[in-house]
Amino acid sequence: MKNLILTIGIFVATAVHAQDYPAKPVKFVVGFGAGGPTDVIARIVAQDLTVSTGQPFLVENRPGANAIIATDFVARSAPDGYTMLFSSLSLLVNAILPGSKVAYDPFKDFAPVSNAVVLPQVVVANPQMPFNSIPELIALAKAKPDELSYATSGHAGSTHLAGAMLENATGTKMINVPFKGNGPALAEVMAGRVTFMFYPALGIADLVAQKRLKVLAVGTRQPLADFPGVPTLEAMGLSGFEATAPWVGVLAPAGTPPAVVNRVSAEMRKSLARPETQARMKQLGAITVADSPAEFAAFLKKDHERWAQVIKTSGITAQ
């Protein structure tokens, strides 16, 4: 009887907590700098949730160490639904890398909330670079080994893995130039100080229209409508690059009440179903997912297996 009363008490307390949630501002922590894909997506969703819940959803950037700083912070945060991680595939990759010493476990220390979007990657460069296609880029890299460079969002991020895959697939040797996020990396590519980079398609079409970038290829099996006439890497015999398309989603600290997780997940799905939000995501090149906690959890397991194979093939280790 005592155990039954205790169980009922816990259930009631959780239900009341969920009903009142959120009662104060909620923090979305992003492990990359402002202006990058994860940050931009987080701010769009946060803006919608602020309106729908009546409480501020705030984005806090904690860049560094390929998002390990932010991820560790959220893993140690109180599981009350007021600090959540707006993450990408770095959550899994950091824990997979041989020699990795991350303190968190991506499955034991987090409760999946919802996968928001996936971001197909494209290969971009400054319009003045002396090549206009992937074959020309590869030919130049072979003629000048260890001279060409590719910018990345950080060690072992999706952009680094894609660059390493390109080196392995073409027998070239180039210089990885890591930055604290995709935003700073892209700025250096646009300035012409780094040769090229793989970048999530987020906002790239606008930069191409402004003649600040050119797109050499898309990392999808099928061409992307936003980049008419641009070939796929698959069509060039460079397969597997669709696996480098990063996802962007939300996770809560393990132990967060399921009712709270479900509430945030439901609000995210409502946000991403809004025609205005979908139009913004499409304009940015993002493909909306908006799944349930259970669906996101199943996706993460499959993604873990996929990245484990990519990392093994590329030979990338932790720094």
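Leaving aside its neighbours within four places in sequence, which residues is Asn115 in contact with? Select Asn115 and you'll find Trp247, Val248, Gly249, Val289, Ala290, Asp291, Phe296 and Phe299, where contact means heavy atoms within 4.5 Å. Before you go on: this is a predicted model, with local features needing pLDDT of at least 70, side-chain atom pairs counting only at pLDDT 80 or more, and totals for chains, interfaces and linings using all residues. Numbering starts from 1 along each chain as its sequence is written, and side-chain values use heavy atoms, with hydrogens and water left out.

Asn115 sits in strand S4, residues 110-118 (strands are DSSP runs of E, at least two residues, numbered from the N terminus). Its relative accessibility is 1%, so Asn115 counts as buried (under 20% relative accessible area, 1.4 Å probe, protein chains only).

Next, pick Phe86, in strand S3 (residues 83-87). Phe86 is buried too, at 1% relative accessible area. Beyond residues up to four places away in sequence, Phe86 touches a list including Phe28, Thr38, Ile41, Met268 and, as with Asn115, Val248 and Gly249.

Now for a sheet. Colour S8, S5 and S9: in that order they form an open, antiparallel sheet (two strands pair if DSSP finds at least two bridges between them). Strands S8 (197-200) and S9 (214-218) are the edges, each pairing on one side only. Zoom in on S5 (residues 121-125), which pairs with S9 over four bridges; Val123 has Ala217 in S9 as its bridge partner.

Key. Buried means under 20% relative accessible area, exposed over 50%, partly exposed in between (1.4 Å probe, protein chains only).
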